[in-house]
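Student: Can you take me through the packing in this one? I'd like to start with helices and then get to the rings.
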Amino acid sequence: MARGSSDVEYSAAGGEGLGMRDFCLYVWLRRAAVLAAHIISLGLVILTSILSRPGTSLFSWHPVCMSLGFCLCMTEGILLFSAEGSPFCFKSRKWKVRLHWFLQALLLVCGATGFGFMVASKNIKEHPHFTSWHSLLGVATMAATMLQAICGVFLLFPKLISTRSFPRLRLYHATCGLVAYLLASVTVMSAMFTDWFQASVTGTVWYIFLLLPLFPALVVMNQITSAFLPKKKITS
């Protein structure tokens with residue numbers, strides 16, 4: 001095996017065929033992307049809270065709860081397993097799994113609470129339910145989130161399933177989690193087409209808001225797919 005660093009190539013989750021210098025640049029770019037995803041996720045919650053002015057009405061709590069759950073808790077619950085840019089990278093996997101479960105449980109609480117506020121608001125105003133693409137996508141997102149949570153329960157308590165089913169269920173959990181996250185991102189983007197949002201945000205700022213959820217989604221998608229791709233080190 002050659003000892004020169006220039007003779008070594010890496011294939012770590014998309015870094016195939018890269019020399020040492022290019023690979024290091026690739027790793028730093030991934031770290032910057034993960035850091036940006038953290039900032040955007042938190043920023044979406046803060047900006048949504050400012051726009052909705054929680055407490056002014058029942059509905060005002062719906063965007064706050066949903067953004068807190070799906071933009072922040074769901075994102076952080078996945079990114080904490082990232083080797084690049086996670087503030088918990090020095091923690092053990094067992095600790096990360098516990099924090100992941102806490103964040104996902106908080107996600108379900110926020111989602112159910114936000115859903116309840118939306119239903120209560122529409123009942124008071126006597127508006128029909130589930131008549132928009134945003135509401136239908138929201139129901140699909142909640143269903144996918146519940147499904148991946150069920151898969152997670154079996155992974156948390158492996159004695160409930162056979163040993164041979166564990167690796168396959170882990171893949172199902174990750175796949176369902178990715179689907180749920182992408183659905184959540186599309187649902188957040190569809191919220192920006194609602195009358196409520198467009199009454200507050202217009203022009204160039206609206207387009208910026210529309211594109212913001214895409215970046216964390218790309219980072220999460222890359223992390224999940226990379227975790228299940230074979231990693232190898234190619235040497236000359």
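This is a predicted model: local features need pLDDT of at least 70, side-chain atom pairs count only at pLDDT 80 or more; totals for chains, interfaces and linings use all residues.

Student: At what angle do helix 5 and helix 8 pack?

Tutor: About 175°, with the axes 10 Å apart. Helix 5 covers residues 166-191 and helix 8 covers residues 214-227. Angles over 145 degrees count as roughly antiparallel, so helix 5 is roughly antiparallel to helix 8.

Student: Which residues make the contact?

Tutor: On helix 5 they include Leu178, Tyr181 and Leu182, and on helix 8 they include Val220, Met221 and Ile224. By class, the contact has 11 nonpolar, two polar and no charged residues.

Student: Now the rings. How many aromatic pairs are there?

Tutor: Seven. One of them is Phe59 with Trp196: the centres are 6.0 Å apart and the planes are at 75°, so this pair is edge-to-face.

Student: Where do Phe59 and Trp196 lie?

Tutor: Phe59 is in the loop between helix 1 and helix 2, and Trp196 is in helix 6, so the pair ties together parts 137 residues apart in sequence. Phe59 is partly exposed at 24% relative accessible area, and Trp196 is partly exposed at 28%.

Student: What does Trp196 form with Phe197?

Tutor: A tilted aromatic pair, 6.0 Å centre to centre with 55° between the planes. Phe197 is buried, at 6% relative accessible area. Ring pairs link Phe59, Trp196, Phe197 and Phe209 into a cluster.

Student: Which ring does the charged end of Arg31 sit over?

Tutor: That of Trp28, 4.9 Å from the ring centre. The charged end of Lys91 sits over the ring of Trp95, 4.9 Å from its centre.

How values were computed
Residues are numbered from 1 along each chain as its sequence is written. Side-chain values use heavy atoms; hydrogens and water are left out. Axes are lines fitted to C-alpha atoms, for helices over the stretch in contact, and angles run from 0 to 180 degrees between N-to-C directions. Helices (H or I, at least four residues) and strands (E, at least two) are DSSP runs, numbered from the N terminus. Angles under 35 degrees count as roughly parallel, over 145 as roughly antiparallel, 65 to 115 as roughly perpendicular and the rest as oblique. Contact means heavy atoms within 4.5 Å. Ala, Val, Leu, Ile, Met, Phe, Trp, Tyr, Cys and Pro count as nonpolar, Asp, Glu, Lys and Arg as charged, and the others, Gly among them, as polar. Rings of Phe, Tyr and Trp (its six-membered ring) pair if their centres lie within 6.5 Å; planes under 30 degrees apart count as stacked, over 60 as edge-to-face and the rest as tilted. Buried means under 20% relative accessible area, exposed over 50%, partly exposed in between (1.4 Å probe, protein chains only). A charge sits over a ring if NZ of Lys or CZ of Arg is within 6 Å of the ring centre and within 35 degrees of the ring normal.
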